[in-house]
Amino acid sequence: MKKYQLGEFEEVVILTIAVLNNDAYSVAIKDEIESRMARNVSMGALHTALKRMEEKGYLRSYAGEGTEERAGRPKRYFEITALGKRAAQYARDTREELWRAIPKSVWQVSMGG
Amino acid sequence: MKKNTTTPPASFQRFFRWYCHPDLLDYIEGDLLEVYGRRVKKLGKRKADLKFIIDVLLLLRPGIIRSRRRQLTTPYGMYKSYFKIGWRNLLGNKAYTLINMAGLASSVVCAIFIFSFVRQHLAVDNFHPYPERTYRVVTELHRDVVAYQSNVPSPLGEHFRNDYTYAEKIARVYTESDALITLRKENELVKFKETGGIAFTEAAFFDIFHFPLLKGRPATVLTEPNTAILTERMARKLFGEKDPVGEVFWFQNRFPFTVTGVLQDLPANTDIRSEIFVSYPSLRTFDPWLSDDTDGWGGIRDGMKCYVVLKPGVPTAQVEDVLSAYVKKFRPTSKNVHHYKLQPLRDVHFNAQYGGPVAKSKLWVILIIGAFLIITACVNFINLATAQVLRRSKDVGVRKTLGSSKSQLFGQFMVETALITFAAIAFAAMLAYILFPYINAFFQTHIQIDLFSDPTLLLFMLGVGVGVTFLAGYYPAAVLAGFQPVAALKGKLLHQRRGGFNTRRTLIVAQFVIAQVLMIGMLVIMNQMRFARQSDLGFDKEAIVMVAVGRDSTRTIATTFKNEIARIPGVEKVALCYAAPSSNIDWGNSIRFENSTEEVNFRTSIKSADADYLSTFGLTLVAGRNLVPSDTVREMLINEVMVRKLGLSSAEDALGRHIAANGGRMKGAIVGVLKDFHDKSFHEEISPVLITTYTEDYSNYAVKIDLASARSVLATIEEKWLELHPDQLFEYEFLDDSIAGFYTAEETSLKLIQTFSLIAIFIGCLGLYGLVSFMIAQKTKEIGIRKVLGGTVTHITWLFGKEFIQLIVIAFLIATPIGWWGMRQWLQDYKFQVPLDAATFLWAFGGSCFVAACTIGYQVLKTAGTNPVKSLRTE
């Protein structure tokens, strides 16, 4: 049984939110991911991921101000909850454990091959 | 300016709003707009639009779409509350509910009746196998005026069958109405009179018309002479439960027929009324002239029909062309007056010219009246509901402040309307079910309704329900939903909504227009009927009984019996004749005048009668003298119309001139000219009439009796008649009854329009009642103040009275031209008509004023009489 359910895209999103710190709202997250990782993020995928993580309790959101270019619609800012932090940490730990567990020779052979 | 150019595609934005979960809507829409704005700057509008669309489509995924379950659960409670509040409102305002329901229910009953009536007529003879290709051959007779006959010369069908290949099937049918059918059981004679008659039918008839055979072999049942098939009902009537096949019955005591088959009972929706079909070859013994293929061309006998089914693709014009050649070929000596035409089967029931019972235009008028009745009921509904609005303004105000949207309120009032409407329809359906037997008896219709097993009727009622809900509910619901909550809560609507009252006035006017048009129609029809019934027809119709001459009577028997009748005490006069002066039966003929070899160009109605005819019917001579008694044709009487048609200068001029009629077989000199009398109904002009002593044609004793002893006289005549003709049925009819029979269609129209106008007036009154209650509620204080300042009861009554008189006058001004135009159209059917005088219209006006006064009088007087203290104290 997995302790924390966190998909690859979700992990990227949660980390980006952490990077953006207090500025994390959907368009900013999208831009950040797109610029840092050179991948296209669709609005649909992003919002679904955000919603799912909020439901899981990894994220918390609050309504922000509305600006002119948003035609007065409020922004929705996201923060990582303690549980979210643990989940991200857990993901990182399990990865690193895996990295460490790789025998050097195998890795090199496979790289060389 | 800039904003306009950078809005995303509106339809996709709307689509997004529609599917997006409401919690997320604002945020995501904001995102979309922000990104869109950026893209427009970077990529241009077109690409940004495209990307926007892609984004919207990619957002269409489970986490973002609004959930269905939530949508279903919330409104359920709301609808329940709508129903509950609606129900409470209905119960809380019993008067309002009752008025609405009563008005709606009565108009829906009418609508159900009209719907069934119209549908029944549209369904007549629509079940036959070749509906598109079946025609009836009919005749137009072109003389000085064109006459129309649904009959043809008897040989036409046979010749057409042998000469041309246009037709797939041809069937000739000769129907003898009012058949005397007898059964011989040992020494006993059982007599039946069949009004449906007996039809001499070619077997192909049953290929053209779908009347399935239950017993007997279709190929052979009607081939041999003196064979017959009966409907099941008729077979049971004649022979009881035993197998009718092989049994024998007699027609007119002279012609025996053996039953070879049994037909399924004729359905209600057919115009074919005969239930006894006998083989066409039997006609040879019954009527040699009619069955003769050359002599038969000489004239047209009533009841001789010819039906054809054309091969697919054969144009009717081509067939009519070849038929027209028959006239020259087979009627070389006659004037060329016959024009044979093909009448489509689906036209037969609706073409009044050829004796169709219901013209389509009449069905339309009835449909329109039905629609009007429903509209009046809707108008009521609107009126009363808008009056209610004021009472409910607080309710609406509270709902609005608590966040009800306009559409929710609108929905709520529509639900309430639907509640009343469908309750009224259910009530109407019940009422219709109970009332239909009476309605049928009253209008002499045979409409059947199956409320629950008839899908079209159910669909119709559902349609009426939905239609009425929208018609009646839309306006009040829109008014209610449109309130300003502040004004509604402060109770300021009274002042705010003056305009609404005008709408209501307009509606009341509309109601009264409808009611008055119907009233005018009713009055004109009543006038015309009274005119037709009470005008001097030019002869006596009172106290005259027409007694049929026995079928096998010879001239001497008839004359002897006439003298015998004359001796009965109580009988004043007796004449032997073909028919009464005014009768549906007449014998049309083309005559030759003086030495001319050519027939005249008009139709003459020959009334064979003896010398007592004039005195019995009180006909008056304007010139010359009466006929002298004679057993052969020697002398002739004509009427003034005939004098004119013959182009003679005066009645005296006609005396002594010679006439040859019936192809020269009847010749005589004119000895007298009769003053014109109505020989037909008022629908028709007076025809040229010729009276002569042609004894072979005598078929009635016209007996003028003393009405005081009518019963005993008739009994004596019947007794003596049956002694003379024991094997026949004694038949008689009072002349005034048979003349009244000319107008049965009008009687039915009159009853219909009377009923409809009563209902329209009733509904109109309900509306008035509603309006006056509303006005009184509104003006309570005003009345109080007026009274305190010295206003009298008359003064206050007038305050309301003038309001309503105004409305009725306006309605009258609109109704008059409509009624005038409509009734002028109706009167066109009559050659002799009552004038459309002002009195009729004034009566309609006076009537509606009176009814209005009665409706509002009580309430107004009550209010006018209230102590002002009461009305002023309430605040």
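In the predicted model, B:Glu140 has B:Tyr148 as its bridge partner in strand S2 of chain B. This pair belongs to a set of four bridges that join strand S1 of chain B, residues 134-142, to S2(B), residues 146-149, in an antiparallel arrangement. The two strands form a hairpin, with three residues between them.

Seven bridges connect S1(B) with strand S13 of chain B, which spans residues 338-344, and the two run antiparallel.

Helix packing in chain B is illustrated by H16(B), residues 406-443, and H17(B), residues 455-481. The angle between these helices is about 145°, and their axes are 8 Å apart. The crossing is right-handed. On the H16(B) side the contact involves B:Lys406, B:Leu409, B:Phe410, B:Phe413, B:Met414, B:Thr417, B:Ala418, B:Thr421, B:Phe422, B:Ile425 and B:Ala429. The residues that H17(B) brings to this contact include B:Met461, B:Val464, B:Gly465, B:Val468, B:Thr469, B:Ala472, B:Gly473 and B:Pro476. By class, the contact of H16(B) with H17(B) consists of 17 nonpolar, five polar and one charged residue.

Elsewhere in chain B, B:Gln778 is part of helix H27, which covers residues 744-788. B:Gln778 counts as partly exposed because 13 C-beta neighbours lie inside 10 Å, a number between the limits of 12 or fewer for exposed and 20 or more for buried residues. From B:Gln778 to B:Ala815 the C-alpha to C-alpha distance is 30 Å, for a separation of 37 residues in sequence.

Chain A comprises five helices and two strands. Their order from the N terminus is α-α-α-β-β-α-α. The radius of gyration of chain A is 17 Å, whereas a compact globule of 113 residues would have a value near 13 Å. The C-alpha trace of chain A extends over about 60 × 30 × 20 Å along its principal axes. Buried residues make up 28% of the 113 residues of this chain. Among contacts in chain A with a separation of 6 or more, 49% link residues 24 or more positions apart.

Two helices of chain A, H2(A) with residues 26-37 and H3(A) with residues 43-56, pack at an angle of about 115°, and their axes are 11 Å apart. H2(A) crosses H3(A) in a right-handed sense. A:Ser26, A:Ile29 and A:Lys30 of H2(A) form the contact with A:Leu46, A:His47 and A:Leu50 of H3(A). Three of the residues in the contact of H2(A) with H3(A) are nonpolar, two are polar and one is charged.

The contact between the two chains draws 17 residues from chain A and 18 residues from chain B. On the chain B side, the elements that supply two or more residues are helix H3, residues 22-43, and helix H4, residues 45-59. H3(B) provides the largest share of that side, with twelve residues. The side of chain B that touches chain A contains nine nonpolar, three polar and six charged residues.

Backbone torsions of two residues, one in each chain, were also examined. Most residues other than glycine have a negative phi. A:Ala71, although not a glycine, has a positive phi of about 50°. This residue is located in the loop between strands S1 (59-66) and S2 (74-80) of chain A. A:Ala71 is classed as partly exposed because the number of C-beta neighbours inside 10 Å is 16. In chain B, B:Gln252 has a positive phi near 55° and is likewise a residue other than glycine. B:Gln252 occupies the loop between strand S9 (248-251) and strand S10 (255-263) of chain B. With 16 C-beta neighbours inside 10 Å, B:Gln252 is therefore partly exposed.

Note on methods:
Residues are numbered from 1 along each chain as its sequence is written. Chains are lettered from A and ligands numbered from 1 in the order in which they are written. This is a predicted model: local features need pLDDT of at least 70, side-chain atom pairs count only at pLDDT 80 or more; totals for chains, interfaces and linings use all residues. Two strands pair if DSSP finds at least two bridges between them. The radius of gyration is taken over C-alpha atoms; the globule rule is 2.2 Å times the number of residues to the power 0.38. Two residues are in contact if their C-beta atoms, placed from the backbone, lie within 7 Å. Ala, Val, Leu, Ile, Met, Phe, Trp, Tyr, Cys and Pro count as nonpolar, Asp, Glu, Lys and Arg as charged, and the others, Gly among them, as polar. Axes are lines fitted to C-alpha atoms, for helices over the stretch in contact, and angles run from 0 to 180 degrees between N-to-C directions. A crossing is left-handed if the near helix is turned anticlockwise from the far one by less than a right angle, and right-handed if clockwise.
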